[in-house]
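Thanks for coming. I will go through one structure today, starting with a metal site and then turning to pockets and charge pairs. Please have a look at the screen.

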Amino acid sequence: MTRESLESIRKRLLTLRETRLQQCRRQNADAADLLDEGVADVADQGLTDSLKDCLHLLSDAGREEILAIDEALERLRDGSYETCAGCGKKIGMARLQALPFTRMCLACQQNTEQQLSTKAGPSKGQI
Ligand SMILES: [Zn+2]
């Protein structure tokens, strides 16, 4: 992948992350208002705490997505972005552009999803 492609993906990830966080803040407007006021003058530390609280309030799916985006940004920094976390092969540019925060190639992703759906079982959420 060219440096330009990676840079454009990095920008998309940052935008996506910001969009998710804004959705989260809106969803939890009351709590977020209190949190924002409480940490407003603590700069970076406050931002981190606010983010943690925000993540805590998010749905599992939303939280996982933000964490996946963070991981993808980290992999862009250390140069492992295009490498599949499952098998170590290149993930492929088409897949990365469609799913910029994926960490696995299609084959490994499908394997993982099959394992998860087997573990989850049919009774989940019926209590
Ligand atoms: Zn793989």
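Which geometry does the site of the zinc ion have, given the angles among its four donor atoms? The site is tetrahedral, with those angles running from 104 to 114 degrees. The cut-off matters here: four donors count as tetrahedral if all angles lie between 85 and 135 degrees. Before going further, note that this is a predicted model.

The protein donors are the SG atoms of C84, C87, C105 and C108, and they lie 2.3 Å from the zinc ion. Along the sequence, the donor residues follow the spacing C-x2-C-x17-C-x2-C. On accessibility, C84 is buried, with a relative accessible area of 4%. C87, on the other hand, is partly exposed at 38%.

Next, the pockets. As background, rolling a probe the size of a water molecule over the atoms shows where empty space is left.

The largest pocket has a volume of about 500 Å³. Its lining is made up of 16 residues, and nearest the centre are E64, A68, F101, R103 and Q109. Which helices each supply at least two residues of that lining? They are α4, residues 60-78, and α6, residues 106-120. The largest share comes from α4, with six residues. By class, the lining has seven nonpolar, three polar and six charged residues.

The second largest pocket has a volume of about 170 Å³. Helix α1, residues 3-27, gives the largest share of its lining, which is four residues. Among the residues that line this pocket are R3, L6, E7 and R10, together with L76, Y81 and K90. Sorted by class, the lining holds five charged, three polar and three nonpolar residues.

Now the charge pairs. In general, side chains of opposite charge can pair when their charged atoms come close. How many salt bridges does the structure hold? There are six.

I will start with R17 and D70, whose side chains meet in a salt bridge at 2.4 Å, N to O. This pair links distant parts of the chain, since R17 sits in helix α1 and D70 in helix α4, 53 residues apart. R17 counts as buried at 18% relative accessibility, whereas D70, at 25%, counts as partly exposed. The limit for buried is under 20% relative accessible area, so R17 at 18% falls on the buried side.

Another salt bridge joins the side chains of E65 and R20, at 2.6 Å, N to O. E65 lies in helix α4 and R20 in helix α1, so this pair ties together parts 45 residues apart in sequence. Buried or exposed, where does E65 fall? E65 is buried, with a relative accessible area of 19%.

Because E74 and R77 are three residues apart in helix α4, about one helical turn separates them. E74 counts as partly exposed at 39% relative accessibility, and R77 is exposed, with a relative accessible area of 62%. Salt bridges that share partners also join E71, R75 and R103 into one network.

How values were computed. Residues numbered from 1 in each chain as written. Predicted model: local features only at pLDDT ≥ 70, side-chain atom pairs only at ≥ 80, totals over all residues. Heavy atoms only, no water. Donors = N, O, S within 2.8 Å, 3.2 Å for Na, K, Ca; no water. Tetrahedral: all angles 85-135°; square planar, octahedral: opposite > 155°, others 65-115°. Buried < 20%, exposed > 50% of the residue type's maximum accessible area, 1.4 Å probe, protein only. 1 Å grid on protein atoms, 1.4 Å probe; cavity = no way out; pocket = protein on both sides within 12 Å on 5 of 7 lines; lining within 4 Å. Points joined across faces, edges and corners; volume = space filled by probe spheres on them. Nonpolar A, V, L, I, M, F, W, Y, C, P; charged D, E, K, R; others polar. Salt bridge = Lys/Arg side-chain N within 4 Å of Asp/Glu carboxyl O.
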